[in-house]
Amino acid sequence: MLDFVLEPGRDRALRNRHPWLLSRSGEVRGAGDAAPGSSVRVVSSDGEVLGYGDLSPASSLRVRVHHFGKEEPAEDWFVRRIEAAIARRAGDPSLAATDAHRLVNAEGDGLPGLVIDRYKDVLVVKLQSAGMHRRRERLAAALPGLLPPAEVVCAWERADAAACRREGVPVVEGPLFGDPPSAKVAIREGACHFEVDVIHGQKTGFYLDQRDARAWVAKYAPGRDVLDLFCYSGGFATAAAQAGAASVTLVDSSAPALETAEHHLQANAPDCPRTVVKGDAFETLRGEGPDFDLLVVDPPPLARRRSQVAKASRAQKDLLLHALRRARPGALVFAFSCSHHMGPDLFRKIAFGASRDAGRPVQVVGSLGAPSDHPVSLDHPEGAYLTGLVLRT
Ligand code: SAH
């Protein structure tokens, strides 16, 4: 096995069990080919073995550490951790009312680079690191045995082209085992039914991470005029309409997403009046239009890098300011950031700025984040990417 030798003074984060080593923290030594995904032993500058991880030679995130300490990991460690992740979900009462959830949440489950979502009997797998790519075959062989055979018929691999480039691995999408799924998998979440396009849909097909927030929206929706901005397949609007909203208005720039959203509304709440707008959410919100009693503002990540935070904060404030202008007295605004660079503290400051500029005092009545099937390791705060605030005007 190759050694990744840390520069002097670069061992603190690792000793605190942080799983990421950046390129400047050390270098690979030893004979052999440092191919993408190679296993490395992480060694301090004075030769102490501190852990084991996967090498990404082309990425600034150079090593993802999966074991801390001297002891070498067993060959099948990742299979055992997947097993443990599955067992944790099986006993989780928050997941009882749905047949779709995240089965493995990367660093949050001690499996850096591996995401597995389960949509009823279909698994969608993302191998986000070179190390996990190297385990593809072993994963494909092990997965069917980890869930009762009748429960899962296939696993489909999805890939993010930019991440594959960073990791120096080819972009692969296709079956890991089983026959390819029919594109739309029908899932249930509480009283709602959704159809998930696991092959072409965004992320792995559905925003499972907003499940708890959908339940909040459903609780407050009855009798309200609801705006779902950046609606994708209309998860929020559908939950609201099904729960008895007076009307729902949906905005997104993606035509296929809106088509699915229409379908979800028709299937779950055919009588709820709806307006579906294909267009830019910023412009739609700024323009003339009706006011609302419940607004959901769930944009895509506005700050993908730290350097984008200032610009993203201005965009986020602009959105919230205009959302407040369109909010009737007593309205609720569900506002989200899905970038860990824009975390809870900054997000509150942005909301404060919007409230001040709108001349509207605002109460915070709730804080939201990803649900229990998206656990975040305390050792890895970057895993907490989703921040939500429930604001009352
Ligand atoms: N709220 C959704 C997820 C939102 S993801 C849910 O819970 O399922 C962000 C969405 O914003 C995507 O569907 C994307 O198509 C859309 N989008 C991105 N930029 C946009 C823009 N400028 N105006 C409108 N929609 C946009």
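## Close-ups of the domains and the ligand

**View 1. The chain as three domains.** Domain 1 runs over 2–68, domain 2 over 77–185 and domain 3 over 207–392; these bounds come from an automatic or database domain assignment. Keep in mind that this is a predicted model, where local features need pLDDT of at least 70, side-chain atom pairs count only at pLDDT 80 or more, and totals for chains, interfaces and linings use all residues. Numbering starts from 1 along each chain as its sequence is written, and side-chain values use heavy atoms, with hydrogens and water left out.

**View 2. Where domain 2 meets domain 3.** Taken over C-alpha atoms, the centres of domain 2 and domain 3 are 28 Å apart. Here 15 residues of domain 2 touch 10 residues of domain 3 (contact means heavy atoms within 4.5 Å). Together the two domains bury about 960 Å², with 54% of that on carbon and sulfur atoms; buried area is the accessible area (1.4 Å probe) that two parts lose on being put together, summed over both. On the domain 2 side, Arg-102, Asn-105 and Glu-107 lose the most area to domain 3, together 38% of what that side buries.

**View 3. Polar pairs between domain 2 and domain 3.** Five residue pairs, both at pLDDT 80 or more, are in polar contact across this interface. For a polar contact, look for a pair of N or O atoms within 3.5 Å; within protein, one must be able to donate a hydrogen and the other to accept it, and residues adjacent in sequence count only if both atoms are side-chain atoms. Salt bridges (a side-chain nitrogen of Lys or Arg within 4 Å of a carboxyl oxygen of Asp or Glu) number zero between domain 2 and domain 3.

**View 4. Around the ligand.** The ligand has 14 residues around it, and Phe-230, Asp-252, Asp-280, Ala-281 and Asp-298 are the closest (a residue counts if one of its heavy atoms lies within 4 Å). One nitrogen atom of the ligand sits 2.7 Å from a side-chain N or O atom of Asp-280.
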